[in-house]
Amino acid sequence: DDLGESTPTPFLIALDPINSPCTVLTAVLYTENFGTGAIGGSGLLPALPSVPNTSSSTYTGTAVQPIAKNTFAITNNAINADLANFASLTDHTGGGRMLVVNGDAPPRIIFRDTLPTSCPGRQYSFSFWAAFPYNSVYQSTCDALGGFRYPKFKIRFRDIVTGLTAVEDTTANITTNNSWTQFGYRWTMPIGYSNLIMEIINDAPGGCGNDFAVDDLGMYYCP
C-alpha cells in the first residue's frame, strides 16, 4: 500500500485458464442461447434477451439490414444481417437464434452478464460457440483491401465487488468459413472472489472483416 493509505489495496491475481472446458459437467450454472422462434420483418431483433438473464453489450442493437459497423442483431440465420456479404448459417443447435455482430476498432464488449455466486477452491468451466459467416463475395472484397481481419475474442471474468480481473484469456483467430467453433476454459476459483462479471470482448483489429456470430454460452461446475 502507498504511504498514508488507511485502506488496504485489493490484490487479486488474474488466472490463466486451461484452454478447454471440462469433459464432465456436474451442474449447469448459467446459459444463454439468445432465444428461439421465428423473427418477422427483416429477421433481426435489436435487443439482447432480457429473460432469464440481464445481459448487456457496448455495441448498438439494430434491426436494419445490412447491420452497420459496431452494431449487433439477434437472428435465426446470419445471412439476415448482411444479404450481400454473409453466408447462410443457422444457430449452433440448428433451431434457435444467435447474436451477430459487425465489429470494428476500437475493441468493445460483445456480451456481458453477472454469473452466479462462485466458491473459492471449486473448479468451473465456461464455453461458447462462435463463427465467421462470410461468403466468397465478401472475401474477394477484403482480399482486394489487404485481406480479412479475422475475428478473435478476449474472455474476461471480473470480481463484482472490486472490478479486478480473476480469469482472462484470448482466443485464436476464427479463420474457417461458415462453421461453428467452440471455445472453452476451466479454472479453479481463487480465494477472494464471490460473484463474477463475465465479458466477451472483440479483440480483433478494425478493417475489412471482423464480423462474427456467437451462440450457446454456458458456465458449469466441474467434478
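This is a predicted model: local features need pLDDT of at least 70, side-chain atom pairs count only at pLDDT 80 or more; totals for chains, interfaces and linings use all residues.
Local features need pLDDT of at least 70 and side-chain atom pairs count only at pLDDT 80 or more, while totals for chains, interfaces and linings use all residues. Residues are numbered from 1 along each chain as its sequence is written, and side-chain values use heavy atoms, with hydrogens and water left out.

From the N terminus on, the elements run β-β-β-β-β-β-α-β-β-β-β-β. The radius of gyration is 18 Å, close to the 17 Å that the globule rule gives for 223 residues, so the protein is as compact as a globular protein of that length. This radius is taken over C-alpha atoms, and the globule rule is 2.2 Å times the number of residues to the power 0.38. Of the 223 residues, 46% are buried, meaning under 20% relative accessible area with a 1.4 Å probe, protein chains only.

Four strands form an open antiparallel sheet in the order E5-E10-E7-E8, where strands pair if DSSP finds at least two bridges between them. Strands E5 (109-114) and E8 (165-170) stand at the edges with a single partner strand each, so one side of each is left without a neighbour in the sheet. Within the sheet, seven bridges join the antiparallel strands E7 (residues 153-159) and E10 (residues 196-202). Phenylalanine 153 stands opposite asparagine 202 in E10.

How values were computed: Helices (H or I, at least four residues) and strands (E, at least two) are DSSP runs, numbered from the N terminus. Buried means under 20% relative accessible area, exposed over 50%, partly exposed in between (1.4 Å probe, protein chains only).
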